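Open the model in your viewer and have the selection tool ready. The stops below go in order.

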Amino acid sequence: RGTVTVPVTKEWQAASFQSFFENVMVELRLQSRPAGSDSDDEWQNTKYTDRIFGFFAENLAITHANSYPQYDGQGRELEYRWVEEAVWQEGSVQDGQYVGGDKVPVTEENGSKLFTLTQNGRKIQYRSVSREAEDGGTVITNSIANTIDYAVEKKFEGGWDADNYKDSYTF
């Protein structure tokens with residue numbers, strides 16, 4: 001029976017807070033289903049997990065890859081994906097292991113996961129979205145989900161020109 005290599009890349013898209021991920025760890029769960037299935041209901045959690053940590057300002061994307069069984073106990077070929085299961089903050093790395101920290105509550109919304117980290121004294125909400133990579137692995141991207149509304153007053157120099165007026169502007 002063979003094995004297959006299943007890579008996962010975890011990346012953060014948060015340039016404003018890039019120096020505040022050193023105390024963050026994500027816990028991933030490997031899921032499998034019979035190859036060729038097209039129903040998301042068929043994904044099953046496996047016993048395999050991975051913990052990714054060691055993010056810092058110059059390295060906000062980390063890739064891990066391990067080998068897993070190619071076939072299940074019934075001889076069916078399997079396909080795999082990684083899902084983000086938990087996020088931890090305020091821990092530290094000691095002897096190559098992430099220790100301590102607080103588990104951050106994660107909720108689901110419209111096929112993505114949401115969680116909030118405290119960074120630079122502010123509560124920042126992140127959205128976690130997964131996609132299949134070209135190599136068959138998984139890319140999990142966490143990006144800032146918060147939005148900021150600005151009230152803007154537009155003043156027209158030289159007077160108001162009704163022919164060139166727009167009700168809204170996008171910044």
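The tour starts with a sheet and then turns to aromatic rings.

This is a predicted model, in which local features need pLDDT of at least 70, side-chain atom pairs count only at pLDDT 80 or more, and totals for chains, interfaces and linings use all residues. Residues are numbered from 1 along each chain as its sequence is written, and side-chain values use heavy atoms, with hydrogens and water left out.

**The sheet.** Select β3, β2, β5 and β6: these 4 strands form an open sheet in that order, with antiparallel pairing. Strands are DSSP runs (E, at least two residues), numbered from the N terminus, and two of them pair if DSSP finds at least two bridges between them. β3 (44–53) and β6 (97–104) are at the edges with a single partner strand each, so one side of each has no neighbour in the sheet.

Next, select residues 24–34 (β2) and 78–94 (β5), which are joined by 11 bridges. Within this pairing, V26 has V87 as its bridge partner in β5.

**The rings.** Now show W12 and F55. Their ring centres are 5.9 Å apart and their planes at 85°, so the pair is edge-to-face (centres within 6.5 Å; planes over 60 degrees apart). W12 lies in strand β1 and F55 in the loop between β3 and β4, 43 residues apart. W12 and F55 are both buried (under 20% relative accessible area, 1.4 Å probe, protein chains only).

Last, select K10, whose charged end sits over the ring of W12, 5.1 Å from its centre (NZ of Lys within 6 Å of the ring centre and within 35 degrees of the ring normal).

Conventions:
Phe/Tyr/Trp six-rings, centres within 6.5 Å; stacked < 30°, edge-to-face > 60°. Buried < 20%, exposed > 50% of the residue type's maximum accessible area, 1.4 Å probe, protein only.
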